[in-house]
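Here are a few exercises to work through with the structure beside you. Try each task before you read its solution.

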Amino acid sequence: MWTWFYRLASPPYVYRTAAAFAPWFLLIAGIAIAYGVIDGLVFAPPDYQQGNAFRIIYVHAPAGWLSMFGYTLMAVAGAIGLIWRIKMAHAVSAAVAPIGASFTVLGLVTGSLWGRPMWGTYWAWDPRLTSELILLFLYFGVMSLRAAFEDPARGDRAAALLAIVGVVNVPIIHFSVQWWNSLHQGATVMKFEKSSMPGSMLWPLLAMFLGFMLFFGAMLCMRLRGEVLNRERQSSWVREMLRA
Amino acid sequence: MSVGAGSAMSLVLRRELTLSFRRPDQLLQPLVFFLIVTTLFPLALSPELSLLRDMAPGVLWVAALLASLLSMEGLFKSDAEDGTLEQLALSGQSLGVIVIAKTLAHWLVSGAALVVISPLVATGLAVPIEAFPIMMLSLAMGTLTLSWLGAIGAGLTVGLRRGSVLLSLIVLPLAMPLLIFGANATDRAIGGETAAGALYFLAALCVFTTSLAPLAATAALRITLE
């Protein structure tokens with residue numbers, strides 16, 4: 001029953017599975033994103049308050065969600081690698097970091113572009129923006145720590161430990177930043193209540209979430225393959241595969 | 001000869017303190033750095049006292065963070081370079097006890113020293129004397145928390161040739177909640193308001209890191225040492 005789980009520790013199996021999944025993820029992601037973009041940007045009605053500017057939510061919300069999902073995945077994979085000494089878990093952790101960081105940047109950039117028409121400024125020290133920015137710094141820390149080690153195995157384990165420490169800190173950072181801001185700023189311009197969305201707006205958003213997640217998965221599969229090849233370049237199966 | 005954990009801790013603590021006091025210049029450098037950085041702000045912004053008083057919490061806390069971080073790199077470095085750390089790790093004592101003793105010693109010579117000279121800096125920034133006790137209490141808890149966080153970072157970067165920038169990159173994001181609550185407590189003390197809420201948060205962070213950071217720092221050392 002657990003054999004599928006054990007096989008995940010085998011580099012050739014991971015390499016082939018990732019190769020098999022990637023095109024499907026990409027295909028479905030393409031369809032979902034195409035539907036989401038067309039329906040969200042063209043057919044969904046403009047927001048009664050924000051007009052057409054709200055449409056950036058179709059990129060912003062999935063990106064913001066994936067930035068946090070990516071960090072959690074990085075830490076969980078790192079923890080699995082650290083505890084059970086599974087090399088492939090470290091490979092996943094290493095592969096996911098730049099993707100998660102990119103989505104964090106995307107979330108920040110789209111949020112900033114959205115902020116300009118809505119709040120009249122590209123950047124406000126809003127709790128969510130600030131904690132997202134700190135999340136980006138945490139990504140940078142983990143990525144640079146991994147890169148700083150000459151011995152990749154040690155770099156993996158050090159980065160995994162830092163990712164775990166970061167995950168413990170993320171809720172603390174989140175709440176401290178909220179508390180900090182609520183004290184300093186009373187009424188803010190950026191109040192938009194999470195109103196219950198009508199279906200015509202919601203469906204494209206859900207499609208974008210699905211599409212972004214699958215795109216994330218596809219990117220992860222591709223980066224994971226590169227990571228596995230790079231890590232296993234001395235092993236016989238890679239040499240045989242390259243010879244064939 | 002076997003030594004109990006408590007006496008091992010006090011031995012390491014005494015060794016660290018002796019080593020620090022044999023090198024008074026290294027002991028003083030972070031403190032001088034703290035003084036110089038806080039001097040920069042009135043020069044760069046404005047010597048007007050009311051403005052300085054508004055900025056004082058932020059200036060004090062950022063300068064304390066940086067000064068404390070500056071000395072953090074040396075926490076394990078010299079011992080790792082001459083092999084002492086490996087000997088300590090192999091000594092049969094729990095590495096965690098040694099990490100705790102070393103971090104406490106580091107805090108005593110850097111963090112606690114910063115707390116002691118902070119009234120001097122605060123006077124220059126026009127902080128009223130009534131705010132000193134809360135400012136010093138918050139700085140004491142904050143620098144201790146920072147020492148624990150720094151111990152994790154120092155443990156992770158100890159084997160690296162260019163660890164110092166990386167250490168800041170790792171530790172500063174983790175220290176941001178600390179800065180928020182610490183500066184807030186100081187700010188409220190200066191304004192004559194009650195600072196209890198922020199102090200409780202600081203105390204919680206302090207207890208939290210004191211209980212968990214030694215584990216993480218020990219694990220970090222085990223990764224980099226082996």
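Two residues are in contact if their C-beta atoms, placed from the backbone, lie within 7 Å. Keep in mind that this is a predicted model.

**Exercise 1. How many residues of chain A are in contact with chain B, and which element of chain A gives the most to that side?**

Solution, step by step:
- Begin with the count: 21 residues of chain A are in contact with 18 residues of chain B.
- Next, look for the elements of chain A that give two or more residues to this side; they are helix 5 (127-148) and helix 6 (152-184) of chain A.
- Helix 6 of chain A gives the most, with 13 residues.
- Finally, sort the residues on chain A's side by class: 15 are nonpolar, four are polar and two are charged.

**Exercise 2. Why does the length of helix 3 of chain A agree with its number of residues?**

Solution, step by step:
- Helix 3 of chain A covers residues 57-84, which is 28 residues.
- At 1.5 Å a residue, the helix should span 40 Å.
- The end C-alpha atoms of helix 3 of chain A are 40 Å apart, so the two values agree.

**Exercise 3. Which elements make up chain B, and what radius of gyration does chain B have?**

Solution, step by step:
- Chain B has ten helices and zero strands.
- A compact globule of 226 residues would have a radius of gyration near 17 Å, and chain B agrees with that at 18 Å.
- Along the principal axes, the C-alpha atoms of chain B fill a box of roughly 60 × 30 × 30 Å.

**Exercise 4. Are helix 3 and helix 6 of chain B roughly parallel or roughly antiparallel?**

Solution, step by step:
- Helix 3 (residues 49-72) and helix 6 (residues 95-124) of chain B pack at an angle of about 150 degrees, and their axes are 11 Å apart.
- Angles over 145 degrees count as roughly antiparallel, so that is how helix 3 of chain B runs relative to helix 6 of chain B.
- The crossing of these two helices of chain B is right-handed.
- Among the residues making the contact are B:Leu60 and B:Ala64 of helix 3 and B:Gly111 and B:Leu114 of helix 6 of chain B.

**Exercise 5. At what angle do helix 7 and helix 9 of chain B pack?**

Solution, step by step:
- Helix 7 (residues 132-157) and helix 9 (residues 176-190) of chain B pack at about 170 degrees, with axes 9 Å apart.
- That makes helix 7 of chain B roughly antiparallel to helix 9 of chain B.
- The contact includes B:Leu139 and B:Gly142 of helix 7 and B:Gly182 and B:Ala185 of helix 9 of chain B.
- By class, this contact of helix 7 with helix 9 of chain B has seven nonpolar, five polar and no charged residues.

How values were computed: Residues numbered from 1 in each chain as written. Chains lettered and ligands numbered in written order. Predicted model: local features only at pLDDT ≥ 70, side-chain atom pairs only at ≥ 80, totals over all residues. Helix = DSSP H or I, 4+ residues; strand = E, 2+ residues; numbered from the N terminus. Nonpolar A, V, L, I, M, F, W, Y, C, P; charged D, E, K, R; others polar. Axes fitted to C-alpha atoms, helices over the stretch in contact; angles between N-to-C directions. Parallel < 35°, antiparallel > 145°, perpendicular 65-115°, else oblique. Left-handed = near helix turned anticlockwise from the far one by under 90°. Expected span 1.5 Å × (residues − 1). Rg over C-alpha atoms; globule rule 2.2 N^0.38 Å.
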